[in-house]
Amino acid sequence: MAATETAERMRMHAPASRTQDETKHALKTTEFFAMVGVIGAILIATAVSDSLNDVRAWTLIAAVAIGYMISRGLAKSGTKYAGGEDPLNRDDR
């Protein structure tokens with residue numbers, strides 16, 4: 001009897017399992033909008049300035065995009081997909 005009460009007590013105090021992903025969708029983050037804003041600023045500065053040429057601008061844009069991808073990768077590392085189905089193995093008939 002004591003074993004069942006202990007098991008029941010442990011089940012009551014166990015943390016609830018997560019049903020949502022831990023990280024937000026990419027379009028819902030401020031990182032995405034910051035990246036779009038910085039890329040826009042680089043393109044505007046390239047159009048206005050004589051000292052910033054197109055090769056340097058595209059290099060800066062690539063660096064910003066790489067930084068964004070790394071930050072999203074770090075944000076999602078270690079999290080598990082909590083969806084109900086595997087999107088890669090669906091049977092669309």
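Is Ile66 buried, partly exposed or exposed, and what is its relative accessibility? I looked this up and found 47%, so Ile66 counts as partly exposed (buried means under 20% relative accessible area, exposed over 50%, partly exposed in between, with a 1.4 Å probe and protein chains only).

I noted that the model is predicted, that local features need pLDDT of at least 70 and side-chain atom pairs pLDDT 80 or more, and that totals for chains, interfaces and linings use all residues. Residues are numbered from 1 along each chain as its sequence is written, and side-chain values use heavy atoms, without hydrogens and water.

**Patch.** I located Ile66 in helix H3, residues 54-76 (helices are DSSP runs of H or I, at least four residues, numbered from the N terminus). Together with Met69, Ile70 and Leu74, Ile66 makes a nonpolar surface patch of about 440 Å² (patch residues have over 30% relative accessible area and no salt bridge, with nonpolar side chains joined within 5 Å; areas come from the Shrake-Rupley method with a 1.4 Å probe).

**Salt bridge.** I recorded one salt bridge (a side-chain nitrogen of Lys or Arg within 4 Å of a carboxyl oxygen of Asp or Glu). Glu31 pairs with Arg72, their closest N and O atoms being 3.8 Å apart. Glu31 lies in helix H2 (residues 30-48) and Arg72 in helix H3, so the bridge ties together parts 41 residues apart in sequence. Glu31 is partly exposed at 32%, whereas Arg72 is buried at 9%.

**Aromatics.** I recorded two aromatic pairs (ring centres within 6.5 Å; planes under 30 degrees apart are stacked, over 60 edge-to-face, the rest tilted). The rings of Phe32 and Phe33 have centres 5.5 Å apart and planes at 75°, so this pair is edge-to-face. Phe32, Phe33 and Tyr68 form one aromatic cluster.

Methods: Patch = residues over 30% accessible without salt bridge, like charges linked within 9 Å, V, L, I, M, F, W, Y side chains within 5 Å. Helix = DSSP H or I, 4+ residues; strand = E, 2+ residues; numbered from the N terminus. Phe/Tyr/Trp six-rings, centres within 6.5 Å; stacked < 30°, edge-to-face > 60°.
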